[in-house]
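Please look over the sequence and the model below. The report that follows covers backbone features in loops and then the ligand site.

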Amino acid sequence: MKLNIAVLPGDGIGPEIISQALKVTEAICDKFGHDLVYEHALVGACAIDAVGNPYPDATHELCMSSDAVLFGAIGSPKYDNDPTAKVRPEQGLLAMRKKLGLYANIRPVTTFPSLVHKSPLRADLVDGTDFMCIRELTGGIYFGRPQGRSEDGRTAYDTCVYTVEEIDRIVRLAYKYAEQRRKKVTIVDKANILSTSRLWRQEAQKIEKEFPHIETEYMFVDNAAMQIIQWPKRFDVMVTENMFGDILTDEASVITGSLGMLPSASIGIHTSVFEPIHGSYPQAAGKNIANPLATILSAALMFEYAFNLQEEGQLIRNAVDASLAEGIVTEDIAENGKACKTTEVGQWIVEYIL
Ligand code: IPM
Ligand code: MG
């Protein structure tokens, strides 16, 4: 099969983790006889520095003409500490999501047996966790207008907006995945306060009736935040709006033991994007210490979701499990000071595959 991939390393540790995921992708293609073609493009702070735009047109065109996008991370302290910056790296990620129509962000949350003791949560609570968070990605308060400041600069506002169509397509997607899993959907909202949440609940209650064989539950987001860490095994497919999903999935990453472990797939209208859920970790940039596993696992999702190549994805997952079991891991999850470098972890996984 021919795989045509756009590679967007981004900022901070992005280039380092992406090159490991790319090595792994190449190894899989060699092993299974696929023909890999890829091209790099700019996104984020490095794109602002180079061409003044965090999501340049050339990058968008490359994404549109590719079969899948492998994405690193974006963000730079240079912009975080300047609240008056006119253009920010994060706008590049949001523009990409919007222009590619990536309305669903799928974040699987699973534990790894050899890492369970690394979780700050009790092992018996987290061991065996296996749920999927589906985060709406192109609506809500991230994109609603108006957004900004009053003329005197003393008042600021953001607007949360959702349409029936936006709610419908994401809730249906949740049922589709629940159908293939343990047949339970948890709809997370704040319907006791927000009118957008009440519209979510109203639409979900209609869709629910079409799936009588699937258990549906509704949960307020504050309660969900508590239950995710108290009883993570109770969830199967969770679906929620943009910002709730952003927050809950960072929280969920502690179940795994490290933010450096969680991959994601963003799917929608045009080309799908595969990226780790963590950020650009600027303090670690260039040090060869960042955990590449979330990005390598994102490459596994790419084989499965973009190319329907299940065996290829599974081999990457097996290789990651093996590296964890052997203790070939970066410092965030290493035991008694035996940390490997980013490139060593990537290389070990490549050799396991070949
Ligand atoms: C994520 C990130 C992004 C988001 C940032 C970098 C804009 O936190 O993908 O979860 O908030 O969506
Ligand atoms: Mg986030």
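## Backbone features in two loops

In this predicted model, Y281 falls in the loop that runs between β12 (272-276) and α11 (293-307). Although Y281 is not a glycine, its phi is positive, near 40 degrees.

Another loop, between β5 (130-136) and β6 (148-149), holds P146. The peptide bond joining R145 to P146 is cis, with omega at about 5 degrees.

## The shell around ligand 1

Ligand 1 sits in the largest pocket. Around ligand 1 are E90, L93, R97, R107, R135, Y142 and D246.

Helix α5 (residues 89-99) is the element that gives the most to the shell, namely three residues. Both domains take part: domain 1 (1-110 + 261-354) and domain 2 (120-256) each supply at least three residues to the shell around ligand 1.

## Polar contacts and cover

Which side chains place a polar atom 2.7 Å, 3.1 Å or 2.9 Å from an oxygen atom of ligand 1? For R97, a polar side-chain atom is 2.7 Å from a ligand oxygen. R107 has a polar side-chain atom at 3.1 Å from an oxygen atom of ligand 1. In the case of D246, the distance from a polar side-chain atom to an oxygen atom of the ligand is 2.9 Å. On its own, ligand 1 has 320 Å² of accessible area, and the protein covers 78% of that area.

Technical notes
Residues numbered from 1 in each chain as written. Chains lettered and ligands numbered in written order. Predicted model: local features only at pLDDT ≥ 70, side-chain atom pairs only at ≥ 80, totals over all residues. Heavy atoms only, no water. Near = heavy atom within 4 Å. Polar contact = N/O pair within 3.5 Å; in protein donor to acceptor, adjacent residues only side chain to side chain. Areas by Shrake-Rupley, 256 points an atom, 1.4 Å probe, with all protein chains shown as cover. 1 Å grid on protein atoms, 1.4 Å probe; cavity = no way out; pocket = protein on both sides within 12 Å on 5 of 7 lines; lining within 4 Å. Sits in = over half its atoms within 2 Å of the grid points. Helix = DSSP H or I, 4+ residues; strand = E, 2+ residues; numbered from the N terminus. Domains from an automatic or database assignment.
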